[in-house]
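Please consider the following model chain by chain, beginning with the fold of one chain and ending with the packing that joins the parts.

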Amino acid sequence: MELSGLFFYFVSFLTMAGIYAVICLALNIQWGFGGLFNAGIAGFYAIGAYSAAIITSTAASNNVGGFQQSIFVGMAVAAVIAGLVGWGIARLCVSLKSDYLAMATIGIAEIIRLIIVNEEWLTNGSLGVSNIPRPFEGVFKGQTAEIVFVLFVWMIVLLTYFISHRLHKSPWGRALRAIRDNEDAAESIGKDTHSFRTQTFVIGAIFMALAGALSAHYFKYFSPDATEPILITFLAWVMLIAGGSGNNKGAIAGALIVWAIWSMTEILTGFLPSEWATRSSYMRMLLIGLFLQFVLQRYRSGLLPERAPKLDKLRRS
Amino acid sequence: MIQLENVSKRFGGLTAVHNCSFSIPTGQITGVIGPNGAGKTTVFNMIAGLLQPSSGQIFLDGEDITSLPAHKRQSKGLYRTFQLAHEFSRMTVVENLMVAADSSIGENVFNAIFRPSIFQKHEHAAYDKAMETLRFLEIEKLQDELAGNLSGGQKKLLELGRTLMQTPKVILLDEIGAGVNRSLLSKIAVKIQQLNDDFGYTFCLIEHDLDYVSRLCDEVVVLAQATVLTTGTIDKIKRDERVVEAYFGGGKYEGAHA
């Protein structure tokens, strides 16, 4: 019994780490390859989660919903809406220099959060959306369902990884990295920097939304509390920077390690005396900070630093 | 051939370039000289499209390119290097050149994700061209080095290489010699001469070193106080008192010689 408890703890750990891995891969496309400082990850995550929740929920209380669509339709809708919102934001903000883009995206994420909290007809406000189904719920029950879901999440992780890998090694990715390194020089060799950055922002937004959709299906209930910037934006940045910005494997490794620290310290703080327990979340934040310090002192470009795509196939000796 | 007609550029109250007219004839090496702050780089940035002139027009082979965005001028054969090295620092040397090759098919995001096989041929061509260019510049051993780790002079060579990846018509070199040691500098001069002789590429270079300019350039444009002071061959320029004055300042040097 003890052993199976541990196993299912591990399954739930992998599920959340997988969802974060998708966010991290998306952020890696935006920041690692494109140099776009998106500090509004939580906004796109929320758009994805709410779109999927509203489209797929089996019944709605006071808000729009209960469309009972399949999970795949929900994810497609989430991707399209986030892509459109991302495109609109990119049109406005993407030519801002990195720190100004960060400020703009923080503001946009906050606008999205306020819309979600206040537009009760759409999102049921702070009460959240419930009755969100899980994939293959009719077929698998109980603990098997947990295993099926973790596999489903990691399928999405692999898909994201595959797409990001292809983007990285293509001429598209090469042009994007050139724009990241020097915008004026990239313009001088004919790269339409505005168009590349817009595309990058949209692709990132789509995958962030897919991660949001996955978590809505995982929790089966989604409220604005789940889109706290500290839980999404902050953690995702720590994961990517520690894991290795510009490296897809690094993004996944960072998600696994940082989520391990985050979630396992929750167990440890459970053993603390009650007067300490109230401070536990701050201590966990402190631990994450210390970890980031440690990693960056030892490995300046993250655990798995950026590597240029292999050109072996192009070499004819 | 590039022609500037009455081009001016104002930054707020400052007139950086005022009514500037000159031309860069095809197949020649034209030098642009002038004291610091004369507006040389501003003129370059306007020809390259990084800055929009406040007034006046710029023509490339008779076509008005005044308001064409910078990234569209490359397809017209107009290339440039920068005064301070603008390498792609976190990319390898060979990637720095490959990125300047024609990769329009592989730069389509749909193709990049779903149809990588259709641009493999272009990738091979880009790689081969990049290696050929690196061999021409004699830096092929550095191909897998990150460009950010190169020396100042090597970065300048790399930037020159970047302009050669497609078929350039006009190459603008903004102080290619700045911060480069003498021996590398004369190597760069040999390469520029070779490119001009063998391929007929048109060059326009900003340079402070008058020996370098006289060695390379057919015609020289002298800018001073935001406008064209005079143009002509280097010998004519050297004898022009106004040029001497602009460069060395009202008679100080004559006094020193006496």
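**Architecture and packing**

From the N terminus on, the elements of chain A run α-α-α-α-α-α-α-α-α-α-α-α-α, where helices (H or I, at least four residues) and strands (E, at least two) are DSSP runs numbered from the N terminus. The radius of gyration of chain A, taken over C-alpha atoms, is 20 Å, close to the 20 Å that the globule rule gives for 317 residues, so chain A is as compact as a globular protein of that length; the globule rule is 2.2 Å times the number of residues to the power 0.38. This is a predicted model, in which local features need pLDDT of at least 70 and side-chain atom pairs count only at pLDDT 80 or more, whereas totals for chains, interfaces and linings use all residues. Residues are numbered from 1 along each chain as its sequence is written, while chains are lettered from A and ligands numbered from 1 in the order in which they are written.

Along its principal axes, the C-alpha trace of chain A spans about 60 × 45 × 40 Å. Of its 317 residues, 49% count as buried (20 or more other C-beta atoms, placed from the backbone, within 10 Å of the residue's own; exposed means 12 or fewer, and partly exposed in between).

UniProt, in an unreviewed entry, places the feature "transmembrane region" at several spans of chain A, including residues 100-117 and 250-269; such annotations may be inferred rather than shown by experiment. Residues 100-117 of chain A are 100% helix, with end C-alpha atoms 26 Å apart. Residues 250-269 of chain A are likewise 100% helix, and there the end C-alpha atoms are 28 Å apart.

Chain B is assigned domain 1 (2-87 + 168-257) and domain 2 (89-149), with bounds from an automatic or database domain assignment. Their centres, taken over C-alpha atoms, are separated by 29 Å.

Between the chains, 32 residues of chain B are in contact with 27 residues of chain A, contact meaning C-beta atoms, placed from the backbone, within 7 Å. Among the elements that give two or more residues to the chain B side are helix H3 (93-98) and helix H5 (120-136) of chain B.

The largest nonpolar core has 168 residues, and A:Ala209 is one of those with the most contacts inside it; a nonpolar core is a set of buried Ala, Val, Leu, Ile, Met, Phe, Trp, Tyr and Cys residues joined through C-beta atoms within 7 Å. Helix H9 (residues 193-219) of chain A gives the most to this core, with 15 residues.

Technical notes:
Two residues are in contact if their C-beta atoms, placed from the backbone, lie within 7 Å.
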